[in-house]
Amino acid sequence: MYNLNIKINSKTDIEERTKMPILGEIGHQDEPALFEVKERPRSPIAEQFRILRTNLHFYKKKGEPLVIMQTSSMPGEGKTFISLNLAATLAANKENHVLVIGFDLRKPQLAKDLKIHKYDGFTEYAVGEKTIEEVVYPVPGFTNLDVLPSGSIPPNPSELLMSQKTNELFEELRKEYDFIIVDCPPIVVTDYQIIGEHVDLALYATRMDYTEKCQIEMANEIFESGKLPSGQ
């Protein structure tokens with residue numbers, strides 16, 4: 001008899017298919033607040049983000065910034081929600097200067113969620129129309145959390161990400177921030193691999209009863225090939 005359940009429905013399903021360490025488990029909520037950790041700080045989800053924050057500190061070297069990319073198998077797995085709330089959790093420590101970057105140039109969900117989709121962003125910086133200072137904005141309600149949105153949707157996202165301007169961007173941002181969270185496209189496009197060259201650690205989001213088991217196996221192959229940074 002064939003097992004027709006093709007989606008993951010337990011932590012065991014993940015552990016059986018990958019050697020990647022599980023750094024955190026975030027509960028699902030039908031209508032979460034945009035910044036769940038700030039608006040509902042006593043909720044179970046907020047506590048789960050604090051646990052994730054604690055685990056990430058093992059990857060941060062003293063005196064050096066930590067650049068983290070957040071990706072997933074496909075849209076709808078919660079990577080942007082995780083990016084925003086992880087950034088907010090890190091910013092709860094007022095000594096941390098935190099930045100979240102919207103690098104999903106094809107479908108900029110982060111900018112949409114923050115209602116800043118009309119702002120200039122990475123695209124305008126990459127083509128030389130704006131400086132870094134002109135495309136970084138403070139996030140309302142925070143004193144030490146900034147956002148760099150994706151900007152206009154370009155016709156050539158991969159080429160923009162491969163440009164020298166991207167190298168210069170990360171060189172400058174590393175001087176200014178303690179933590180940089182990069183909201184990346186899913187691995188169905190190659191952009192994540194280009195972005196991975198600039199980060200220290202990759203977080204890969206999966207969603208119970210949504211992500212398919214075969215996608216976890218595909219992610220594991222990418223991890224073992226070294227295409228996803230592991231923070232080592």
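Reader: Which residues point one way from β1 and which the other way, and are they buried or exposed?

Author: L66, I68, Q70 and S72 point one way from β1, V67, M69 and T71 point the other way, and all are buried, where buried means under 20% relative accessible area, exposed over 50% and partly exposed in between, with a 1.4 Å probe and protein chains only. Strands (E, at least two residues) and helices (H or I, at least four) are DSSP runs, numbered from the N terminus. Seven of the seven residues of β1 (residues 66-72) are buried, so this strand is largely enclosed by the rest of the structure.

This is a predicted model, in which local features need pLDDT of at least 70 and side-chain atom pairs count only at pLDDT 80 or more, while totals for chains, interfaces and linings use all residues. Residues are numbered from 1 along each chain as its sequence is written, and side-chain values use heavy atoms, with hydrogens and water left out.

Reader: How many bridges join β1 to strand β5, and what stands opposite T71 in β6?

Author: Two strands pair if DSSP finds at least two bridges between them. Five bridges join β1 to β5 (residues 179-183), and these strands run parallel, with I181 of β5 as the bridge partner of I68. β1 also pairs with β6 (residues 201-205) in the parallel sense, over five bridges, and there T71 stands opposite Y204.

Reader: How many disulfides does a search of the whole structure find?

Author: A disulfide is a covalent bond between the sulfur atoms of two cysteines; here the criterion is a pair of cysteine sulfur atoms within 2.5 Å. The search finds zero disulfides. C184 is buried, with a relative accessible area of 0%, whereas C214 is partly exposed, at 46%.
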